[in-house]
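Hello,

Here is the structure I promised to pass on. Please have a look, then read my notes below.

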Amino acid sequence: KVIGPAGEVVLEQGVIVAARHIHFHTQDAAKWGIQDKQKLKVKVPGERPLVFEDVIARVSDSFALDMHIDTDEANAAGVKTGDLAEIID
């Protein structure tokens, strides 16, 4: 079952791929001048540095700072849980 702001749908089969995004607590977003739904560029360092574009900012009082990318994107950049990234735009 996929539930969103426009309703819900039940799929017999299939998958979804969530857009890459960062959860920001409202206070963190305000401190850095980030707006909800703003698109960001994020650089991940390492052996295979990469810049992710169109990373969506999601701002809420119930969020803690955390970036979500899919497994293929993480593997391409050599990123693992707990690694740090830099918002560059």
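First, the term behind the pocket notes: on a 1 Å grid over the protein atoms alone, a pocket is an open set of points where a 1.4 Å probe fits, with protein on both sides within 12 Å along at least five of seven lines; lining residues have an atom within 4 Å of a point. Grid points are joined across faces, edges and corners, and a volume is the space filled by probe spheres set on the points.

This is a predicted model: local features need pLDDT of at least 70, side-chain atom pairs count only at pLDDT 80 or more, and totals for chains, interfaces and linings use all residues. Residues are numbered from 1 along each chain as its sequence is written, and side-chain values use heavy atoms, with hydrogens and water left out.

The largest pocket holds about 520 Å³ of space. It is lined by 21 residues, and Asp-66, Met-67, Asp-83, Leu-84 and Ala-85 are the closest to its centre. At least two lining residues come from each of β3 (21–25), β4 (39–44), β6 (66–68), α2 (71–77) and β7 (86–87). Helices (H or I, at least four residues) and strands (E, at least two) are DSSP runs, numbered from the N terminus. By class, the lining has 13 nonpolar, three polar and five charged residues. Here Ala, Val, Leu, Ile, Met, Phe, Trp, Tyr, Cys and Pro count as nonpolar, Asp, Glu, Lys and Arg as charged, and the others, Gly among them, as polar.

The fold

The protein chain has two helices and seven strands. Their order from the N terminus is β-β-β-α-β-β-β-α-β. The C-alpha trace spans about 40 × 30 × 20 Å along its principal axes. Of the 89 residues, 17% are buried (under 20% relative accessible area; exposed is over 50%, partly exposed in between; 1.4 Å probe, protein chains only). Contact means heavy atoms within 4.5 Å. Among contacts between residues at least 6 apart in sequence, 62% join residues at least 24 apart.

The sheet

Five strands form an open sheet, ordered β6-β3-β5-β4-β7, with mixed pairing. β6 and β7 are the edge strands, each pairing on one side only. Two strands pair if DSSP finds at least two bridges between them.

β3 runs parallel to β5 (residues 50–60), joined by five bridges. On its other partner, β6, the pairing is antiparallel over three bridges. Ile-22 shows both sides: it stands opposite Ala-57 in β5 and opposite Met-67 in β6. His-21 has His-68 of β6 as its bridge partner.

β4 and β5 are antiparallel, with five bridges. Val-44 stands opposite Leu-50. The two strands form a hairpin with five residues between them, and Gly-46 in the turn has a positive phi of about 125°.

His-23 in β3

β3 is mostly covered, with four of its five residues buried. His-23 is found in this strand. Is His-23 buried or exposed? It counts as buried because its relative accessibility is 16%. Its side chain makes a polar contact of 3.3 Å with that of His-21. A polar contact is a pair of N or O atoms within 3.5 Å; within protein, one must be able to donate a hydrogen and the other to accept it, and residues adjacent in sequence count only if both atoms are side-chain atoms. Leaving out residues up to four places away in sequence, His-23 touches Arg-58, Phe-63, Ala-64, Leu-65, Asp-66 and His-68.

Best wishes
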